[in-house]
Amino acid sequence: MKLSCAINVYINDRPRYVKEAIESILNQSKIPDELIIVVDGPIGIQLRNLINSYEVDCEFIKVFSLAKNIGIGAARNYAINRCTGDLIAIMDADDI
């Protein structure tokens, strides 16, 4: 059974919390088969660089960037529609 995990980030998310959330996923006993990160609109350079570093270093991380902020509900649906797993775990950008 394939496991997907989806996280949305937006401009007001703190890079430190996003990093802790992603590291939490990477340190689980069961790592997801894919991690979908949806960037909901423009974000700051520090957060962008953080997300890009994970995308480069982890082949199972897929990042989708939206040109404008569409809100958490729509962005979450966008993420879910890109998941390919049988099971989908939803995380907030500050969950650990």
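Me: What is the relative accessible area of Glu-34, and is Glu-34 buried or exposed?
Reply: This is a predicted model. Buried means under 20% relative accessible area. Glu-34 falls below that cut-off, so it counts as buried, with a relative accessible area of 1%.

Me: Which residues does Glu-34 touch, not counting residues up to four places away in sequence?
Reply: Contact means heavy atoms within 4.5 Å. On that basis, Glu-34 touches Lys-2, Leu-3, Ser-4 and Cys-5, among others.

Me: Which side chain meets that of Glu-34 in a salt bridge?
Reply: A salt bridge needs a side-chain nitrogen of Lys or Arg within 4 Å of a carboxyl oxygen of Asp or Glu. Glu-34 has such a partner at 3.0 Å, N to O. The two side chains also make a polar contact (3.0 Å). The partner is Lys-62.

Me: How many residues apart in sequence are the parts that Lys-62 and Glu-34 tie together?
Reply: Lys-62 lies in strand S3 (residues 61-66) and Glu-34 in strand S2. The pair therefore ties together parts of the chain whose separation in sequence is 28 residues.

Me: How many salt bridges does a search of the whole structure find?
Reply: Lys-62 and Glu-34 form one of them. Arg-76 and Asp-92 form another. So do Lys-30 and Asp-33, under the 4 Å cut-off. The search finds three.

Me: How far apart are the closest N and O atoms of Lys-30 and Asp-33?
Reply: Lys-30 is partly exposed, with a relative accessible area of 47%. Asp-33 is partly exposed too, at 35%. Their closest N and O atoms are apart by 3.9 Å.

Me: What is the N to O distance between Arg-76 and Asp-92?
Reply: Arg-76 counts as partly exposed at 24% relative accessibility. Asp-92 is partly exposed as well, at 33%. Their side chains meet in a salt bridge, N to O, at 2.6 Å.

Me: Asp-13 is buried yet has no salt bridge, and which residue has the nearest side chain of opposite charge?
Reply: Asp-13 lies in the loop between strand S1 (3-9) and helix H1 (15-26). A salt bridge must fall within 4 Å. The nearest side chain of opposite charge is 8.7 Å away, and it belongs to Arg-14.

Me: Which backbone nitrogen does the side chain of Asp-13 reach?
Reply: Leaving aside neighbours within four places in sequence, Asp-13 is in contact with Asn-8, Val-18, Leu-47 and Ala-93. Its side chain also reaches a backbone nitrogen at 2.9 Å. That nitrogen belongs to Tyr-10.

Me: Which element gives the largest share of the lining of the largest pocket?
Reply: The pocket has a volume of about 160 Å³. It is lined by 14 residues, with Asn-8, Val-9, Tyr-10, Asp-13 and Ile-72 nearest its centre. S1 and helix H3 (72-82) each give two or more residues to the lining. The largest share, three residues, comes from H3.

Note on methods
Residues are numbered from 1 along each chain as its sequence is written. This is a predicted model: local features need pLDDT of at least 70, side-chain atom pairs count only at pLDDT 80 or more; totals for chains, interfaces and linings use all residues. Side-chain values use heavy atoms; hydrogens and water are left out. Helices (H or I, at least four residues) and strands (E, at least two) are DSSP runs, numbered from the N terminus. Buried means under 20% relative accessible area, exposed over 50%, partly exposed in between (1.4 Å probe, protein chains only). Lys and Arg count as positive and Asp and Glu as negative; His and the chain ends are not counted. A polar contact is a pair of N or O atoms within 3.5 Å; within protein, one must be able to donate a hydrogen and the other to accept it, and residues adjacent in sequence count only if both atoms are side-chain atoms. On a 1 Å grid over the protein atoms alone, a cavity is a set of points where a 1.4 Å probe fits but cannot get out, and a pocket is an open set with protein on both sides within 12 Å along at least five of seven lines; lining residues have an atom within 4 Å of a point. Grid points are joined across faces, edges and corners, and a volume is the space filled by probe spheres set on the points.
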